[in-house]
Amino acid sequence: MSAPGTPRALLADLAMPIALGGGGLFVVLQAQGIAAAGGYSPVGPSFFPTVIGALMLLIAPLLAFGAWRSHAAHANAVQPQIGEPIGEPISEPIATAVTTPRTHALGWLLAAVAIGALGIERVGFVPAMIVAFVLAAQAFPRHSTTGSVATNSDATNTSGRRGRTLLGDFAVAITFALTTWFLFTVGLGLRLPAGWLSALPGA
Amino acid sequence: MDSSVTLTALNALANGLLVAIAPDNLLYAFLGCLLGTAVGVLPGVGPAVTLALLLPLTAKLEPTGAMIMFAGVYYGAMYGGSTTAILLNTPGESGSIVTSLEGNRMARAGRAGPALATAAIGSFVAGLLATAIVALLAPWVVEIALLFGPAEYFALLTLAFVTVTVTLGKDRLKGAGALIAGIATGLVGIDGQTGQPRLAMGIPELFDGIEVTLVAMGLFAIGETLYAAVHEDEEESILQTGPVRMSADDWRRSWPAWLRGTAIGFPFGCIPAGGVEIPTFLSYAVEKRLSKNPEAFGHGAIEGVAGPEAANNAGVTAALVPMLALGLPVSATAAMMLAGFQQYGLQPGPLLFVTQPELVWGLIASLLVGNIVLLALNLPLVGLWVRLLGIPKRWLYAGIVVFAMLGTYGMRQSAFDLWLLLGAGLIGYGMRRSGWPLAPAVIGLILGPLAEGQLRRALAISQGQWSGLTASTISASLLGLALLIALWPILSERFRPRQTAL
């Protein structure tokens, strides 16, 4: 992915095999704690988890080795060619342009979902989702339209523009949260926590 | 062929059509198409995510109406995916990768209109033909499926696991990792046969297990959003579509490609985990070889859009045969359809044809109706869908995050599920970052518990004898086939005479 061959990239590529191995260990250990059912049962409730956990433990080191090998290959390989021949099937679904990853974006988005989880039953759907929406929006650069060409002037954002963008985020967030609320509670009869806004129709 | 089975099928389909064209059902189909396209057209949102996001919409409808709306969403999502593949070069699902090859070239050359049109009409033709074949084929598969006992089902599921691992994604090991992780997730909760909690760590919220839709939304929607926020840069694109109209030459070049694409796509969709990646690439290769001017490929050849799009749609529709007749989802999209069924406590499989014929045939018929509605809706509305792409990315993805939370919370009113969503999102991000395919995880989550249940039932029947699993010819040959496919890379390496070109 980004900057292949660096130690940081290797660590990131090892994250999934490590998670799988850890998960496998957890599954196998947990499976031992499941009491065998009484009576006649050729295969009890702990059999399948044990097998699956063992498979996870088996595959994880193989994946880790694969990640390490491709990392080593990248480290002393020439840069990948930019212009891949179009006629050949491309194996990678979405071409990943090598760019600087915006790691801080991860924080904004995780915060957005966390606020949603913490707030939805405490302050209600609408307020929690407004905050979550605004937080999630901060993960993306300003004036970034999916279908427009980026202009250089985007890089020089003044604090005034930042404030205007934030205001815009809030306006859209409020509209979006309220529209969804009405659509799903009044329109479709789904029950959502009203929280602070218990006077809203549909609460 | 036994003509009575076919006749019964046609009769049932006619009844289904009557159900589907009832005014309120037609309205649901229309709404589904509209919403499916609107969500599916968003970049990074493939058909599976669209279905997951819109699943709560149908929660309050009665099953028939909900499934009909779902069919509309499904077709809309498929078409929306092709639209982004063509206009933005961002295929939402593996089936549209090939579409973006030539489609985006056409769009860059100012021929986005004909590219979108040939994709829409090609999908329509393929969908229509494939649905008709599904209607004729499904009852036959049901007849076979009724012969299946637990041992045969377990063998079939094993075969599905192997083929999923092999065909989805380019790295088998990563596919296997995703599949096993999905199966492990499916183990969480109370064991159905003994009532013992497993892997739940004493957390009551986990006793009911982890919802498939939750995992799908976390992996696809949240994971994709995280990935886009961290890694993706601005992509430039073309917003002017030009005239939608196809020229006479476009028609002449498109229609044989549509038919060939359908013929290639359908068989792949039928076999467990055939997927749409292989048939779309195959269709592309065939069109390139048959073309009078293959040098046009790579510069926007319309056959290169028409064929793969038809193959994609035919394959996805054909996936309904194993999904409805056997309860086997063979793609992430079919897995979401299955989740839709399970929402109503319906377990697809041969018995569903017997117990809920009006639902099954209503669904098949509504696929036909949905296909027509979609064509009528989308050709005139292309301009509107294109304008949707003008929504700033930050609001688009923020909206997707909120929608995923709404869908997750709406399932069982539990804030705890939102934490699970967060976890699934992080895992989805990690998987995308490391190039793990996501679909095997969802399929493992759905099929894992089924496989365990069938295995335990089979062993109970054979009184603990493992040989009982291979006692019947059907189960023995299915397991043998699974073994063969699993060992194929080693075998083909051994006996390969020489390198053959694709």
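User: At what angle do the axes of helix 3 (residues 47–54) of chain B and helix 4 (residues 63–88) of chain B cross?

Analyst: Two packed helices are described by the angle between their axes and the distance between the axes. In this predicted model, the axes of helix 3 and helix 4 of chain B cross at roughly 140° and come within 8 Å. The crossing of helix 3 of chain B past helix 4 of chain B is right-handed.

User: Which residues of helix 3 of chain B meet helix 4 of chain B?

Analyst: Helix 3 of chain B contributes Pro47(B), Thr50(B), Leu51(B) and Leu54(B). Among their partners in helix 4 of chain B are Tyr74(B) and Met78(B).

User: How do helix 9 (residues 212–231) of chain B and helix 17 (residues 393–412) of chain B cross?

Analyst: Their axes come within 10 Å and cross at roughly 165°. Helix 9 of chain B is therefore roughly antiparallel to helix 17 of chain B. Here the crossing is left-handed. Residues of helix 17 of chain B that take part include Val401(B).

User: What does Val401(B) contact beyond its neighbours within four places in sequence?

Analyst: Its contacts are Ile222(B) and Thr225(B), together with Leu109(A), Ala112(A), Val113(A), Ala132(A) and Ala136(A).

User: Which residues touch the most other members of the largest nonpolar core?

Analyst: They are Ala132(A), Val401(B) and Val442(B), in a core of 226 residues. Helix 6 (residues 112–145) of chain B supplies its largest share, 17 residues. Because domain 1 (7–75) and domain 2 (104–144 + 161–197) of chain A both give residues to this core, the core lies between them.

Notes. Residues are numbered from 1 along each chain as its sequence is written. Chains are lettered from A and ligands numbered from 1 in the order in which they are written. This is a predicted model: local features need pLDDT of at least 70, side-chain atom pairs count only at pLDDT 80 or more; totals for chains, interfaces and linings use all residues. A nonpolar core is a set of buried Ala, Val, Leu, Ile, Met, Phe, Trp, Tyr and Cys residues joined through C-beta atoms within 7 Å. A residue is buried if 20 or more other C-beta atoms lie within 10 Å of its own, exposed if 12 or fewer, and partly exposed in between; C-beta atoms are placed from the backbone. Helices (H or I, at least four residues) and strands (E, at least two) are DSSP runs, numbered from the N terminus. Domain bounds come from an automatic or database domain assignment. Two residues are in contact if their C-beta atoms, placed from the backbone, lie within 7 Å. Axes are lines fitted to C-alpha atoms, for helices over the stretch in contact, and angles run from 0 to 180 degrees between N-to-C directions. A crossing is left-handed if the near helix is turned anticlockwise from the far one by less than a right angle, and right-handed if clockwise. Angles under 35 degrees count as roughly parallel, over 145 as roughly antiparallel, 65 to 115 as roughly perpendicular and the rest as oblique.
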